[in-house]
Amino acid sequence: MVLNLPGYGSHELTGPAAWRRPTAPITSRIAYAAAHVVPAIDADCTPGAPAQLDWDVTMAYRHELWSYGLGVAEAMDTAQRGMGLDWAATRELIARSGRAAATVGGRLACGAGTDQLDLDHLPGGSAGLTVVADAYREQIEVVRDAGAEVILMASRALARVAQSPADYLAVYGTLLTEVDRPVILHWLGAMFDPALRGYWGDTDIDAATATFRELLGSHADKIDGVKVSLLDAAHEVALRRALPAGVRLYTGDDFNYPELIIGDEDGHSDALLGIFAAIYPAASTALQELDAGNTAAAHDILESTRALGRHIFAAPTYYYKTGIAFLSWLNGHQPGFTMVNGLTAGRSVGHLCELFVLADRAGLLDDPQLAADRMRTYLALNGIAR
């Protein structure tokens, strides 16, 4: 099958690879896919409108991820937290995902943040830190009620009111003292959310890391792992080697995940990745190869998806969600290429044409005929007749 694409001319589709669902739980790595959300077909998706989700389609995507043996990281930045998914919809999303996970025994971890707060009306000083901590507590309770593991997300509100590294240590330290089960800490870099620049109290990465490590050392018994999304493999490996015993490193590096997950003689990273929501059949198959001791095969599979991952997460990185939703639509997992907050406009026609080609080369177009038909429709809507 041949499709004419701007910038490529005639592209002959290769068809899907022979990915497989696992017949037993994956054990070599803990792996979460951070899932996106799908708006209702008649929803108002203009920027600023309250999110209205197609719950059946959104939950079906989570079941698809679970069927490949992956955990679901719910209500994270992939689900457009801070980019259109308001707290009311997030709360419902967490509750519904908790019920869905329970029906299949699926692994579920959910983001607890502070995005119910109005950033323009935060008090300063210690009062602001108290407001932030209380907002975290509210969301932690929602996640716990859903039966999910808590992911303490980076907070725009905390970044706004904190005046020093000590303020970060105070808020996180208080929350970690209070939780009854270990949580995952999420360090999200400014490339994913510019409002988080200077998180942990310093724009210097080494100084911020020192504060982060101080927190980990003081509360290791309350921390299951840390998710680091800085797109810096050397930094991640160094941090991984310095973690307290029993604390995992969940890679959030959507550029360098193949080598980080495979690891080296000193260890490996587990995974909590937005790119896994796009490449989940390949990711699952690679992890099954790791379970079987076939490290080279696992690496080759993950490596075959790297070009797609780097493209989806290309700068401006915070628009990566557009690519994930587009691939979901191409593969028939949602009825339309629509996104909360009008985020379909986050990537250009050229960018999505290249995504189509890279997804095909990686064997990740499930039904080439359907994908080609939808790509033609997309091009026609954008004034390109093919």
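A: The bend at a residue is the angle between two axes, one fitted to the seven residues ending there and the other to the seven starting there. Please note that this is a predicted model.

Q: Where is the kink in H9 centred?
A: The kink in H9 is centred on alanine 282 and amounts to about 50°.

Q: What does H9 span between its end C-alpha atoms?
A: H9 spans only 18 Å, whereas a straight helix of 16 residues would span 22 Å.

Q: Is H9 mostly covered or uncovered?
A: It is mostly covered, with 15 of the 16 residues of H9 buried. After the helix comes glycine 293, which has a positive phi near 85°.

Q: Turning to the core, which residues touch the most other members?
A: The largest nonpolar core has 125 residues, and those with the most contacts to other members are Leu158, Tyr172, Leu185, Val226, Phe276 and Met375. Helix H9 (residues 276-291) supplies the largest share of this core, 10 residues.

Q: And what is leucine 158 in contact with?
A: Setting aside neighbours within four places in sequence, leucine 158 contacts Leu129, Val132, Tyr168, Val171, Tyr172 and Tyr199.

Q: Now the sheet: in what order do the strands close into a barrel?
A: Eight strands form the barrel in the order S3-S4-S5-S6-S7-S8-S9-S10, with parallel pairing. From one strand to the next, the twist averages 25°.

Q: How many bridges join S3 to S10?
A: Three bridges join strand S3 (residues 31-34) to strand S10 (residues 270-273). Alanine 31 has alanine 271 as its bridge partner in S10.

Technical notes. Residues are numbered from 1 along each chain as its sequence is written. This is a predicted model: local features need pLDDT of at least 70, side-chain atom pairs count only at pLDDT 80 or more; totals for chains, interfaces and linings use all residues. Side-chain values use heavy atoms; hydrogens and water are left out. A nonpolar core is a set of buried Ala, Val, Leu, Ile, Met, Phe, Trp, Tyr and Cys residues joined through side-chain atoms within 4.5 Å. Buried means under 20% relative accessible area, exposed over 50%, partly exposed in between (1.4 Å probe, protein chains only). Helices (H or I, at least four residues) and strands (E, at least two) are DSSP runs, numbered from the N terminus. Contact means heavy atoms within 4.5 Å. The expected span of a helix is 1.5 Å times one less than its number of residues. Two strands pair if DSSP finds at least two bridges between them. Axes are lines fitted to C-alpha atoms, for helices over the stretch in contact, and angles run from 0 to 180 degrees between N-to-C directions.
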